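I opened my notebook for a look at side-chain contacts.

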Amino acid sequence: MTSLTFWLSRGSLRGGMITYPQQHCSLLNNLYLDPYTANTYIRGLRTRDETNNLGYVHLIVQSPEVPRLRVRRNEIEDYLELVLDNWDYLLIKPPITRDEIENGEFEDEEVEDYLSTVKTAVMLLDWANEVSEDELYKNYDVGPGDLRVYSDLMDWLASAVTKLANALNMRRHEERLNILRWRLTYGVKDELIEFVTNLEGIGRARARALYNAGFRSIEDLANADPRVISTIRGFGDKLAHSIVEQARKLIKEGKVMKSSTVEVTKQEGSKSGYNRRRGSLLDYL
């Protein structure tokens, strides 16, 4: 039994608050998680051995620190369809049953708070799938400043969930989350993680430009001619030379950080993203 498993099993509920032995509180302190959020994360991870990206992000946004997007009345039906399509993969279930949703036996007020977490998770997945900032603002009324807040929160919370999965020996969860946390922090797809995590001055737009120009790794950049990079849109001579110098130094010192490769079963598309029905406003997601 790991120390975290022991710590969790010895927790108790007193006066509405979860309490744990003092010697096992250091993990929470290191992760800066309140006990309720940590308990929610752990219970969620224990629901399945693995889930899709929507399931993971929806779990992460359960933290009260994450600003939640309001669901409009005309969006409720579409987001409920999304919930039904991904029911088995959502680690935190809604406050009403699946039958009640399918039969319409609920009031909108009963699901609005829950659907706000779903909408927030969908927005963050759009961000991680490199949807443009203009589109994010148009679709969710989330601006650049808001995205910076969400990015900082994902850097903290997604990392914390990854470390909890590690402490609980949930290796598949850990592998999936270790990729997703970088995507949520930087707003990039898997193939750009190496660029944005290693290079100063490179965000999602420039990383995509480098990739589209044929550069696939830090090693490619280390072997590149700065004059070639300077011709790429968004790059000048100074930045191009800086990138090549950074790449060469990283290679020389053996400090290139590479994300773990995660094999995703292509036959089951819901494992890599999430299921959605066609014919609704969510089709563009």
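My entries on ring contacts and salt bridges follow.

This is a predicted model, where local features need pLDDT of at least 70, side-chain atom pairs count only at pLDDT 80 or more, and totals for chains, interfaces and linings use all residues. Residues are numbered from 1 along each chain as its sequence is written, and side-chain values use heavy atoms, with hydrogens and water left out.

**Rings.** I looked for aromatic pairs (ring centres of Phe, Tyr or the six-membered ring of Trp within 6.5 Å; planes under 30 degrees apart are stacked, over 60 edge-to-face, the rest tilted). I found one. Trp 182 stacks with Tyr 186, at 6.3 Å centre to centre and 25° between the planes. Both sit in helix H10 (residues 171-186), four residues apart, about one turn of the helix. Helices here are DSSP runs of H or I, at least four residues, numbered from the N terminus.

**Salt bridges.** I counted 17, each a side-chain nitrogen of Lys or Arg within 4 Å of a carboxyl oxygen of Asp or Glu.

Which parts does the Arg 208 and Glu 130 pair link? I noted the bridge itself at 2.7 Å, N to O. The pair links distant parts of the chain, 78 residues apart: Arg 208 is in helix H12 (residues 204-212), and Glu 130 is in the loop between helix H7 (108-128) and helix H8 (133-140).

I also checked Lys 258 and Glu 194, which meet at 3.1 Å, N to O. Lys 258 lies in the segment after helix H15 (237-253) and Glu 194 in helix H11 (residues 193-198), so this pair ties together parts 64 residues apart in sequence.

Conventions: Helices (H or I, at least four residues) and strands (E, at least two) are DSSP runs, numbered from the N terminus.
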